[in-house]
Amino acid sequence: IDYVEGGWPGANPTDDAFFREPLELSRAKFTAFGMTRRPGRSVENDPGLAALFDVEPAAVCMVGKTWDYHVDVALNIPREENVEMISDSVAYAKHRVGEALFDAEHFFDGYKANPVYALSCVKAAYEAGARWVVLCDTNGGTLPHEVDRIICEVSESVPGTHLGIHCHNDTENAVANSLVAVNAGARQVQGTFNGLGERCGNANLTAIIPNLMLKMGFDTGLCDEDLKQLTHVSRVLDERLNRSPIPNAAYVGESAFAHKGGLHVSAVEKDPETYEHVDPTLVGNTRHIVVSDQSGRSNILARFREIGLGIDANHPKLPRLLELVKEREFEGYAYDGAEASFELLARRTLEGVPEYYTLHSFRVLDERRWNARGELVTVSEATVKVDVGNTNHMAVAEGNGPVNALDKALGKVLLESYPELEDMRLVDYKV
């Protein structure tokens with residue numbers, strides 16, 4: 001990743017606080033975002049530009065108008081003045097920080113309305129020294145065939161070595177438009193991981209990066225080992241944002257390489273290259289054999305191999321396990337996303353599982369109150385009644401939410417008999 005854009009210094013307290021402690025990046029350039037100088041101001045006397053340079057970024061990305069309609073109506077200035085604003089700002093940014101990027105706002109709409117004027121804006125940025133002139137599909141309404149034509153035409157004036165693409169996903173074409181733009185000559189792609197962004201989101205880098213590397217054969221800033229971290233990075237981001245990962249996301253989703261139908265699974269195991277468009281390990285993902293009411297014997301046996309359960313294909317209890325899965329799913333259970341639950345079901349059915357403990361009852365209380373410091377806090381308290389062997393136990397624990405409280409209360413009982421649980425942590429749950 002060549003640039004990490006950190007927000008707009010001076011725009012709000014959040015971005016100001018973020019830039020007060022800039023990131024230490026090993027490869028990428030930490031980039032501040034802003035806009036070209038205001039009408040009637042010089043670059044030296046524009047407070048918006050001053051805020052960009054005060055944070056001492058490695059690069060600056062400035063957005064400017066390229067649609068004549070916006071210049072006439074929103075800015076209400078002569079069109080020539082807008083071109084001068086772009087040129088002045090880019091040249092000044094290059095002088096102050098060494099590297100300037102120009103985001104051509106609503107470029108594709110502007111080009112379709114008035115190609116001569118839109119082109120004059122991006123040429124001004126390029127001639128003023130912009131490292132990248134980025135053509136933005138700001139409202140996400142442009143289709144791939146339009147992007148292809150326009151990029152080819154613009155590259156006659158601004159070389160592809162300085163041309164970027166920034167697409168929004170309002171027509172579900174942000175990834176396609178980005179790939180088409182690269183194919184037509186652009187050499188920088190702006191986007192976000194997992195497609196985060198306003199409205200329908202931005203171009204999704206977790207799909208664009210492997211497509212560029214694995215499908216189109218381009219050299220990027222990432223090596224093969226970097227690419228193997230893609231799935232991990234995608235899921236860490238969702239975890240940080242307390243979002244559930246999209247299971248059917250291309251390349252990185254849990255279902256991206258999942259196989260459900262019994263006939264399909266049998267064929268996949270014999271010839272995976274025919275049924276998977278890439279090797280899932282190249283992007284850090286794994287093949288996932290789903291057990292569900294559509295499963296056949298091959299699904300069950302494949303899952304056994306994954307969990308290290310050595311069961312013969314002719315085991316007499318195997319048909320009963322298959323029927324049990326289908327019965328349970330009819331009742332509302334779902335084993336396609338609950339691998340541990342399936343393993344327990346399978347072991348109980350085929351070979352039996354010891355009863356390590358018996359949970360008789362549990363109760364959870366949530367209390368919201370003022371503590372001794374006068375702070376409003378929420379406390380969860382769990383009570384469990386458990387038998388371990390021939391001994392009855394009752395335990396109470398407080399926790400950060402009901403799930404954590406239950407985990408602590410149960411742990412109080414079980415750790416006495418099963419000290420190996422000391423290292424077990426409850427993770428990956430939402431409340």
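Select helices α15 and α16, where α15 passes α16 in a right-handed crossing (right-handed if the near helix is turned clockwise from the far one by less than a right angle, left-handed if anticlockwise). By class, the contact of the two helices comprises 8 nonpolar, 1 polar and 1 charged residues (Ala, Val, Leu, Ile, Met, Phe, Trp, Tyr, Cys and Pro count as nonpolar, Asp, Glu, Lys and Arg as charged, and the others, Gly among them, as polar).

This is a predicted model, in which local features need pLDDT of at least 70 and side-chain atom pairs count only at pLDDT 80 or more, while totals for chains, interfaces and linings use all residues. Residues are numbered from 1 along each chain as its sequence is written, and side-chain values use heavy atoms, with hydrogens and water left out.

Next, display residues 318-331 for α15 and 339-350 for α16; these helices pack at an angle of about 140 degrees, their axes 10 Å apart (axes are lines fitted to C-alpha atoms, for helices over the stretch in contact, and angles run from 0 to 180 degrees between N-to-C directions). Helices (H or I, at least four residues) and strands (E, at least two) are DSSP runs, numbered from the N terminus.

Then select A340, which lies in α16.

Finally, select strands β10 (residues 358-370) and β11 (residues 376-388), which pair in the antiparallel sense over 12 bridges (pairing requires at least two DSSP bridges between two strands). Here D366 stands opposite S380 in β11. In the hairpin, with 5 residues between the strands, G374 takes a positive phi near 80 degrees.
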